[in-house]
Amino acid sequence: MKAHENVSRRAFLGGLAGAGASVLLAEPLPAAAREAAMTNPFDFPLVDYHVHLDGSTLEKVLPLAKRRGVKFGIVEHAGTKENKYPVVLSNDKELKAYVKGLRGKGVFIGVQTEWHDWMTCFSREALGLLDYTITDAMTFPGKDGRRVKLWEKGVEDRVEMADKQAFMDRYVDWYVQIIAKQPIDVLVNVSWLPAPLAGKFDTYWTGKRIGRVLEAAVKHRVAIEISSGFRLPKLRFLQAAKKAGVKFAFGTNGRYPSMGKLEYSIALARKLGLKRADMFTPAGKGQKAVQRRTY
Ligand SMILES: [Zn+2]
């Protein structure tokens, strides 16, 4: 194993010139980051559209993209300062500085938007500089109408969940509302369930509910992420999505060094027989969601 590692590492370093190599030599990749490139069985390039730089830097992350044979799409959080994340882009100035910092670095540049008012923070011109926008449905209106991160502890105190099926109907309403009203290109972390419902995918994601989400996605041309981070959605959901004509994007929601680990996305896409035409690609000028949608 050790010899193999040495060979592959040497081959990798040999393929890198100048600054990239010195970065690597100064800071060797941790064990968890050292593995072979993803095998690409498709007629389209591998992209992880859901990479967070939280607690890391682009310089640290880029060698992983090269090593895994996966292009990265970086997504910073974007919305009002009421959203609590390590970094939240909240105005044109911050957004433009972020785009400038990533431009020409071989990555796609996106944002993961927060709550339903993020569009009010930016001009259309500034949003148009992005390659794409993503969001999820995991921040949900609580009993008092204020935002609740559904993954946080004590969620049942803040969101009415005693009747789980009734909650699910409201959750699906929320999905549909997000897709219909926000100019996003890709919906991520799709079909994730909060702790009180977790592990019962088939109980709560009925065909009817899946159908409602997919109908909205087709209508508004929003792609669905196949998440390797959450290993969601399950095959049944994705089969329905393919049948409905929804486009797909791969993502990890990865923080260093987990970005680009697309095993689940690749496995499910193989099962579905996905081709280039089924996949999301960042839209050209005028066709990005922030440009073509009214909001
Ligand atoms: Zn994310």
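How many salt bridges does the count come to?

Modeller: The model is a predicted one, and in it the count comes to seven salt bridges. Among them is the pair formed by Arg255 and Asp54, whose closest N and O atoms are 3.1 Å apart. Arg255 lies in the loop between strand 10 and helix 11, while Asp54 lies in the loop between strand 1 (47-51) and helix 3 (58-68), so this pair ties together parts that are 201 residues apart in sequence. Asp54 has a relative accessible area of 17% and is therefore buried, whereas Arg255, at 29% relative accessibility, counts as partly exposed.

Another of the salt bridges joins the side chains of Arg147 and Glu82, at 3.3 Å from N to O. Here too distant parts of the chain are linked, since Arg147 belongs to strand 7 (residues 147-149) and Glu82 to the loop between strand 2 and strand 3, 65 residues apart. Glu82 counts as exposed because its relative accessibility is 54%. The loop that holds Glu82 also holds Thr80, which counts as buried at 14% relative accessibility, and the residues in contact with Thr80 include Arg147.

A further salt bridge is the one in which the side chains of Asp202 and Arg236 meet, at 2.8 Å from N to O. This pair links Asp202 in helix 8 (residues 201-204) with Arg236 in helix 10, 34 residues apart. With a relative accessible area of 55%, Asp202 is exposed, while Arg236, with 34%, is partly exposed.

Terms used. Residues are numbered from 1 along each chain as its sequence is written. This is a predicted model: local features need pLDDT of at least 70, side-chain atom pairs count only at pLDDT 80 or more; totals for chains, interfaces and linings use all residues. Side-chain values use heavy atoms; hydrogens and water are left out. Helices (H or I, at least four residues) and strands (E, at least two) are DSSP runs, numbered from the N terminus. Buried means under 20% relative accessible area, exposed over 50%, partly exposed in between (1.4 Å probe, protein chains only). Contact means heavy atoms within 4.5 Å. A salt bridge is a side-chain nitrogen of Lys or Arg within 4 Å of a carboxyl oxygen of Asp or Glu. Lists of a residue's contacts leave out its neighbours within four places in sequence.
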